[in-house]
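Please look at the model below before reading on.

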Amino acid sequence: MALQALRSSGVAFRKVLSHFPDELSLAFAYGSGVFRQAGPNSDQKNAMLDFVFTVDDPVAWHSKNLKKNRSHYSFLKVLGPRIISSIQNNYGAGVYYNPLITCDGRLIKYGVISTSVLIEDLLNWNNLYIAGRLQKPVKIVAMNENIILRSALDKNLRSAVTAAFLMLPESFSEEDLFVEIAGLSYSGDFRMVIGEEKSKVLNIVKPNIAHFRELYSSILQESPQVVYKSQQGRLEIDKSPEGQFTQLMALPKTLQQQINRIMDLPGKNRDVEETLLQVAHDPDCGDVVRLGLSAIVRASSIRQSAKGIFTAGVKKSVVYGSWKLHKMWKGWLRKAS
């Protein structure tokens, strides 16, 4: 599986994991504290380390974590692990974040997500939230032998390639492809207007072309939809209506449904396949796909940010929000100078 190429043997990441309950189906680190980024996030040494912990039984995991790390939680800790798990699974994007935690002398943020919720997001893009994180290079710190999860991780990468193809011209560069893929989970994200530096996607991709290539090269080489000239870093795809229909039919279910909702005229009630066939013949096919992505991401990012006020607590939310705005201002000042 392509994701395996980016496993990490980093002792620092494993040391962080040692402070938490063991029962993890997947643990990964991501972001500017793990992979070098251009722009205002280029200071890796002082950057926050971001983690996601995937757990089979969130009630049991939070119960143990409350005993080990009770101070990590907001006022919600008084409600106990069942309520915390219910908030995690049923609100926002299905992930519960504890930010601004000091661990082994480093500032970290960690999110907890149920294995079943993550698999659904990877396969169907219900939220394209943690699935979106996993479309970019990450450091896998721990992973068990869950075959269904591994298959879903691989499917998520293949879906990202397909969606990006639909928004690209007939011929393009590797960097063009990776920028589209990295931007999928930022389409419609309101934080790109408030709190995130606008060139964030380019800042992620440019220093990490080799990591993106490692993640996606085998998928591109195996895909019948693309001519991948790896030596030249160029790709060519079939932009015929037939080719685009094949790609549209391979998209995750939630994105197909959003496209159908956008394109279906009042009173028509066409099925998804009929709508996708129409979109395949539309010169603005890529724009329609982008609108569908934006609809998914906008809703999940707003819900998750609102949920974060409660899971982090008001004080931490203000501090974390101010930190994000400070990074955005640094980017603006860098451009202006």
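What follows goes from the chain as a whole to single residues.

This is a predicted model, in which local features need pLDDT of at least 70 and side-chain atom pairs count only at pLDDT 80 or more, while totals for chains, interfaces and linings use all residues. Residues are numbered from 1 along each chain as its sequence is written, and side-chain values use heavy atoms, with hydrogens and water left out.

The chain has 14 helices and 8 strands; these are DSSP runs numbered from the N terminus, helices being H or I with at least four residues and strands E with at least two. Of its 337 residues, 55% count as buried, where buried means under 20% relative accessible area, exposed over 50%, and partly exposed in between (1.4 Å probe, protein chains only). The accessible surface comes to about 14900 Å², and carbon and sulfur atoms hold 56% of that; the areas come from the Shrake-Rupley method with a 1.4 Å probe, and for residues only the protein chains shown count as cover. Contact means heavy atoms within 4.5 Å. Among contacts between residues at least 6 apart in sequence, 72% join residues at least 24 apart.

Helix α2 (residues 58–68) has P58, W61, H62, N65 and L66 as its buried residues. Seen down the axis of α2, these fall within an arc of 135°, so they line one face of the helix; the arc is that of the directions from the helix axis to the C-beta atoms. What do the buried residues of α2 pack against? Their partners are β2 (49–55), α3 (81–90), β3 (95–103) and β4 (106–114). The N-terminal end of α2 is capped by D57, with a side-chain oxygen 3.2 Å from the backbone nitrogen of V59.

W61 also belongs to an aromatic cluster, together with F13, F20, F51, F53 and Y110. Rings of Phe, Tyr and Trp (its six-membered ring) pair if their centres lie within 6.5 Å; planes under 30 degrees apart count as stacked, over 60 as edge-to-face and the rest as tilted. F51 and F53 are both touched by L17, whose contacts beyond four places in sequence also include L24, A27, V141 and A142. L17 lies in helix α1 (residues 11–17) and is buried at 13% relative accessibility. Between L17 and F51 there are 34 residues of sequence separation and 9.4 Å in space, C-alpha to C-alpha.

The structure holds 12 aromatic pairs. One of them, F178 with F212, is stacked, at 5.4 Å centre to centre and 25° between the planes. F178 lies in helix α7 (residues 174–183) and F212 in helix α9 (residues 209–222), so the pair ties together parts that are 34 residues apart in sequence. F178 is buried at a relative accessible area of 0%, and F212 is buried at 0%.

Rings also have charged neighbours: K109 lies over the face of Y97, 5.0 Å from the ring centre, and R133 over the face of Y129, at 4.8 Å. A charge sits over a ring if NZ of Lys or CZ of Arg is within 6 Å of the ring centre and within 35 degrees of the ring normal.

S185 is found in the loop between α7 and α8 (200–205). Is S185 buried or exposed? At 4% relative accessibility, S185 counts as buried. Its side chain makes a polar contact with the side chain of K136 at 2.9 Å; such a contact is a pair of N or O atoms within 3.5 Å, where within protein one must be able to donate a hydrogen and the other to accept it, and residues adjacent in sequence count only if both atoms are side-chain atoms. Leaving out residues up to four places away in sequence, S185 touches L128, G132, K136 and V297.
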